[in-house]
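Hi everyone, thanks for coming. Could we have the structure up on the screen, please?

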Amino acid sequence: DAGDIEKGTYPHYMLKEIDEQPAVIRKLLMAYQNEQGEIEIDADIRAAIDQSDRLYIIACGTSYHAGLVGKQMLESIAGVPTEVHIASEFSYNMPLLSKNPLFVFISQSGETADSRAVLVHVKKLGFRTLTLTNVPGSTLSREADHTLLLHAGPEIAVASTKAYTAQIAVLSILAVDIAEHNGMDIGFDFTKELSIVANAMEALVDQKDVLEQMARDYLTGTRNAFYIGRAVDYYVCLEAALKLKEISYVQAEGFAGGELKHGTIALIEKGTPVIALATQYHVNGSIRSNVKEVVSRGANACIISLEGLNEEGDSLVLPEVHDALTPLVSVVPMQLLAYYAALQRDCDVDKPRNLAKSVTVE
Ligand code: G6P
């Protein structure tokens, strides 16, 4: 309950929770390390994954967006085939399942009814289940075979921030643990890279004035906004758009850069805000071409890029982190942009209209 958690000197829980993200990442590194300082998760969970032939991630809202990033990590780091589904869709439109699926529920609250409905259903079918949640003892944790905790501390603001980055961090830990126990060489020092991520997040939350100004430059008085990215940046754009929708009520969409030309570019007119994310080497050129396309149609566009891929004129350059972990860092300015856009519109940042922190009805 919000009553027990202090905002301290913060005007809003959301801002406090954004700021807590580097500490949560450091806490997770401790929580999932063994005495030798190696990443280690519960052996039963590892066994459940090894025995399955496919993971089915089930989640809603922000947790679903974390699942999309997690799929990328599980497949590219650990070679574990993974699908991600919106809980409320899965219930009524179940895909063909593999022989030995493992269901992975991602839920900050552990109480979301849509996700629980899937859990109850797949348990009846006799399948194994794992829940990633921030709340020990929550319904989804109690009812699943296994739990991995997010260790993010209570999240009070309706718009999820630190739970999203904690979910992605735990999914990356899971991927690395599986890979290493299967004798795969992941090719980088994961604990070191995750510490670098925490430092990068810290550097970004210290640039609030920059993001406040960017919100003024790009989101003032607009009725819509587009976030574009490719590869994993696209998934972060989905979350960036959700953040803006939830708390500022600006109609926002996250789009895959290459898909714009197949319809959405028709919406671009003079002054339409387009915020592009460029953190991935292999799509850096193509996302920048997309930005040129929208600019030539009058868009008020900006680029947030990763150090090393940056070019002159980029509005914000993110500190360099390993390319498998960029979502943990690139989402931070997106959260702050949404926060300041909402503030500038006098919206109730922590308690947006029509939304609840945890939705316990289907
Ligand atoms: C609600 C919240 C969202 C959240 C979603 C899933 O709609 O407003 O912020 O992402 O539920 O919640 P969960 O607790 O399952 O992660």
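This is a predicted model: local features need pLDDT of at least 70, side-chain atom pairs count only at pLDDT 80 or more; totals for chains, interfaces and linings use all residues.

Let's begin with the ligand. Which residues come nearest to it? There are 16 residues around the ligand, and the nearest of them are G61, T62, S107, S109 and T112. If you want to know which helix gives the most to that shell, look at helix 4, residues 61-78, with three residues. Sorted by class, the shell has 10 polar residues, five nonpolar ones and one charged one.

Now please find helix 13, which runs over residues 326-344. From the first C-alpha to the last, the 19 residues of helix 13 reach 28 Å, close to the 27 Å expected at 1.5 Å a residue. Is helix 13 largely enclosed or largely open? Well, 17 of its 19 residues are buried, so helix 13 is largely enclosed by the rest of the structure. After helix 13 comes D346, and its phi is positive, near 60°.

Helix 13 also has a partner to show you. Helix 8, residues 162-181, packs with helix 13 at an angle of about 170°, and the two axes are 9 Å apart. How do the two helices run, parallel or antiparallel? An angle over 145 degrees counts as roughly antiparallel, so helix 8 is roughly antiparallel to helix 13. On the helix 8 side, the residues that meet helix 13 are Y164, T165, I168 and A169. Their counterparts in helix 13 are P327, L328 and V331. That contact has six nonpolar residues, one polar residue and no charged residues.

Next, a residue in the loop between strand 5 and helix 8: L150. Is L150 buried or exposed? It has 29 C-beta neighbours inside 10 Å, and therefore counts as buried. Leaving aside residues up to four places away in sequence, L150 touches L132, T133, N134, A163, A166, Q167 and V170. L150 and T165 are 15 residues apart along the chain, with 9.3 Å between their C-alpha atoms.

Last, let's visit A31, which has its place in helix 2, residues 21-31. A31 has 15 C-beta neighbours inside 10 Å, so A31 counts as partly exposed. Although A31 and L149 are 118 residues apart in sequence, their C-alpha atoms are 9.2 Å apart in space.

That's the tour, and I'm happy to go back to any part of it.

Notes: Residues are numbered from 1 along each chain as its sequence is written. A residue is near a molecule or strand if its C-beta atom, placed from the backbone, lies within 6 Å of it. Helices (H or I, at least four residues) and strands (E, at least two) are DSSP runs, numbered from the N terminus. Ala, Val, Leu, Ile, Met, Phe, Trp, Tyr, Cys and Pro count as nonpolar, Asp, Glu, Lys and Arg as charged, and the others, Gly among them, as polar. The expected span of a helix is 1.5 Å times one less than its number of residues. A residue is buried if 20 or more other C-beta atoms lie within 10 Å of its own, exposed if 12 or fewer, and partly exposed in between; C-beta atoms are placed from the backbone. Axes are lines fitted to C-alpha atoms, for helices over the stretch in contact, and angles run from 0 to 180 degrees between N-to-C directions. Angles under 35 degrees count as roughly parallel, over 145 as roughly antiparallel, 65 to 115 as roughly perpendicular and the rest as oblique. Two residues are in contact if their C-beta atoms, placed from the backbone, lie within 7 Å.
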